[in-house]
2 protein chains.
Amino acid sequence: MSAVYIAGVGMTKFGKSAQTLVDLFCDAAAAALSNSKIQEVDALYIGAMNPEEFTGESNIAAQVADALGVSGVPALRVETASSAGASALHAACHAVASGCYRSVLVIGGEKMTHLSTSAATRILAEVIDRQERLCGATMPALAAMITERYRQRYRLSSARLERVLCLVAMKNHLNGARNPFAQFQKPITKETYFASKLVSTPLRLYDCSPMTDGAAAVLLTSETTDLVVSGIGQGTGPAGLRERKSFTSFDATRTAAERAYRMAGIAPKEIDFAEVHDAFTPFEIISTEDLGFFPAGKGWQAVEEGRTSIDGELPINPSGGLKARGHPVGGSGVAQVVEVAERLRGNVKTKSKREPRRALAQSTGGLGANNLVTIIERAESVRAQSSWPPTPNYARPIRRQKSTPASPSEEGLIETFTVLYVTPDGFLPPLALALVRDRAGQLIMAQGEDVGHLKIGRDVYLRQLDGGYVFTVKSHLRKVREAMRQLVRGLPSLPRGAKKKTPGRKEDKP
Amino acid sequence: MSAVYIAGVGMTKFGKSAQTLVDLFCDAAAAALSNSKIQEVDALYIGAMNPEEFTGESNIAAQVADALGVSGVPALRVETASSAGASALHAACHAVASGCYRSVLVIGGEKMTHLSTSAATRILAEVIDRQERLCGATMPALAAMITERYRQRYRLSSARLERVLCLVAMKNHLNGARNPFAQFQKPITKETYFASKLVSTPLRLYDCSPMTDGAAAVLLTSETTDLVVSGIGQGTGPAGLRERKSFTSFDATRTAAERAYRMAGIAPKEIDFAEVHDAFTPFEIISTEDLGFFPAGKGWQAVEEGRTSIDGELPINPSGGLKARGHPVGGSGVAQVVEVAERLRGNVKTKSKREPRRALAQSTGGLGANNLVTIIERAESVRAQSSWPPTPNYARPIRRQKSTPASPSEEGLIETFTVLYVTPDGFLPPLALALVRDRAGQLIMAQGEDVGHLKIGRDVYLRQLDGGYVFTVKSHLRKVREAMRQLVRGLPSLPRGAKKKTPGRKEDKP
């Protein structure tokens, strides 16, 4: 086994582009070669989430090889939804470490902006659990439900949570303003943030990463260079929110991080700065906890205290992150490594007190279902080894899960909720969504009868409708009954003869 | 680096299935574990061409991990169109050889039969070069054009070529009839073959592999078992037929084969039997030449002589191949390895004289644009090494190709052609298609003005129409003109007064 080094990195400007996806890949490749001593490649690894539906192309890896004038070399595409770029990078690391290839060019990217938001959202929603998709759940809705749960669990007031999310957005837009490759290059004010429309409570437009065209490339090699990939780790989790044990942490990130740290032989506190997957601002906070930078439930404080700012003790997303740099889904995992490498090489200043030697990139696939952590170090700082260590035994026995959920009981309580204002086709806004735990402990995603009276822990009635589920808040029902009672009391008595004519009204009556 | 062994293999029955894609993957996994000493996995590699469009799922690898009860383990999907399964297997080999994982479960599969042929054909056509797609080219049309060129180059009469293709189809259906996992389990007669409809001249329905649901799994490990993956090789080529140097051979297969043979340290003649990618019957013949089993242009003779039959000297597709076993696109590359392993283990008899020790699987992505070769050997027969050899230097310098084709000249000649009877949406059958070489030597795919007078080498006029190109055979034009001249000569003179009244009728008249 050989160690894996980085020979060159580069990316296109992120944003809207008139170029084809293949041309974006080629531009990123050219940028990576421009600062690499190695100009030859043994193989090409492409990270892309869905070129089939975004641009109507299959077998894109071979196309890119052809466009780069290396038709003939092995070329493949790796996909793990929005972490596809990071997965391609890790698979390429395996190939270099195996001795099969000496240098592998990894390119991640996506072309999305030519589609309508509705069409792009539908494509991105293919990562969502079917039961949850049926209720109208979108990625922002699920992120919002995680956020609400985080707020409740760590006892933040709604106002304080909103201020913290605003701080994350402002920090990343400020960082993006300094990054010539970022999609958004203007700082935003508190006013701009709070004036932006609600996408899914409590998340606003400025909490969500944009649709982006762009590509990034990293040339990996077994030859010694100034930068080493010293740790890689990957973890998976279920697609559905309803299958999670925790709603305020991603197990997949924790698994990935633990493996990457162990492989590199370092601790979280030794990381000088990190690029994390802030597809939604709250995910940046959760990631910094899952990565071990801050204790669980303390990530938001670190933001408030400015510790994650570019001049803080641990800059998070100094590039602007997915939020401001942009998020061409399959490209972000590679772009993070490009940003990390540029800062470790000193080509981009980090403004931190100590000169950075070790940095981390964390990428998320789907709703935290396929996450990867990559640790990059300056070669002279690498502690552990000159070649990759053997894996500890992480093997897991296959035990097939029979996915035959029992019918839920007719009552339950709200585990978390959101009100979605940007709904998928076929659903009218505002749409209340809640994750309901039924009497048997089973979690069900359900649409609300209306958008009022939503609170974690509230009792609800559950019923099936059109293959999905609908919930009604019990207290709400009580209030409706109470209001009716008051109303009926105030009514003049009905004439005697009329009573028999309305036999069904008794139950509605007080 | 460690050697890569096969611990277990298995597959679902191929055909139409009511199960979900994830369930098919799980069934294949269970089948592979049933004959494996190892029951634990470090990671999951999925080969699938397009679950996004076939079944509306993204990030499917994490879903499968969850369904198999190993949520948490690294899981990713690899895609190289119809060779996705083989690519996933090779990427998994790298991961095991790198020492990062000890055992990796590779599962390939696809679910296709629930879609209409038109919808599925559109999805499969996404591998096709855009210029060629614009003219109405489908995979069968392009395969047919390659076939016509092969026939002309190696001087086969049309009748002889058809007989040879019929022999391939009959052989593979006969083999499939013996395979309980095959989609088609009945031998076909010559009469059935010739009674089947023309899809794209000269290819009939029985020359084309079917739409299939199914999955196959291989458990790879670094622990010694009875079977070794002794050679792997991959090669790519351009997507477009118009960019090929050869129309009767796939460079990508030759590249892949050369690498796999070199890695295993064996020669083609040492292979005891092979599973090759017969998505179309002529591709089986071309593959046996590209793999070095027979000289170029002699593969068809080997078929005629029965040398590739199950009891011949080199059985090709003893499982029935893609033709009869079925072709769930992303699954075929893994299914081939399953079939190979079962025969090497003696679980399925090959009927050949010598007991098989070494076998080969060859998978094709798109129109021969991303091809892989895998050599499997019985552990006691492995010649070269107990660990993988370092790679010879295959590296290629990046030299970006500017894809700005000049406007073609107005004349050219037919390099190859077909008449397509099963046309994509928006095109009416019969549709003549030809690859035309213009005066500058540039190749252009064009639609024919009509379906007559097609022959390789014939002169044509070329013109642009609606972003595509249309060709008219010159001799045909001459003939039309000549016929008109004759006609006009033979006409009685029109009375003077009538001339003005029917100015446009001349051309319409007999």
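Reply: A polar contact is a pair of N or O atoms within 3.5 Å; within protein, one must be able to donate a hydrogen and the other to accept it, and residues adjacent in sequence count only if both atoms are side-chain atoms. By that rule, 40 residue pairs are in polar contact across the interface of chain A and chain B, both residues at pLDDT 80 or more.

Some ground rules come next. This is a predicted model, where local features need pLDDT of at least 70, side-chain atom pairs count only at pLDDT 80 or more, and totals for chains, interfaces and linings use all residues. Residues are numbered from 1 along each chain as its sequence is written, chains are lettered from A and ligands numbered from 1 in the order in which they are written, and side-chain values use heavy atoms, with hydrogens and water left out.

Now the contact itself (heavy atoms within 4.5 Å). Chain A gives 77 residues and chain B gives 79 residues. On the side of chain A, 33 are nonpolar, 25 polar and 19 charged. Here Ala, Val, Leu, Ile, Met, Phe, Trp, Tyr, Cys and Pro count as nonpolar, Asp, Glu, Lys and Arg as charged, and the others, Gly among them, as polar.

The two chains bury about 6700 Å² between them, 45% of it on carbon and sulfur atoms. Buried area is the accessible area (1.4 Å probe) that two parts lose on being put together, summed over both. In chain A, R396(A), I398(A) and R400(A) lose the most area to chain B, together 11% of what that side buries.

R396(A) also takes part in strand pairing. Its bridge partner in β2(B) is V41(B). Two bridges join β13 (residues 396-397) of chain A to β2 (residues 40-41) of chain B, and the strands run antiparallel. Strands are DSSP runs of E, at least two residues, numbered from the N terminus; two of them pair if DSSP finds at least two bridges between them.

Charges meet too. Between the chains there are 10 salt bridges, each a side-chain nitrogen of Lys or Arg within 4 Å of a carboxyl oxygen of Asp or Glu. One of them joins E52(B) and R77(A), at 3.6 Å, N to O.

How are the copies arranged?

Note on methods: Helices (H or I, at least four residues) and strands (E, at least two) are DSSP runs, numbered from the N terminus.
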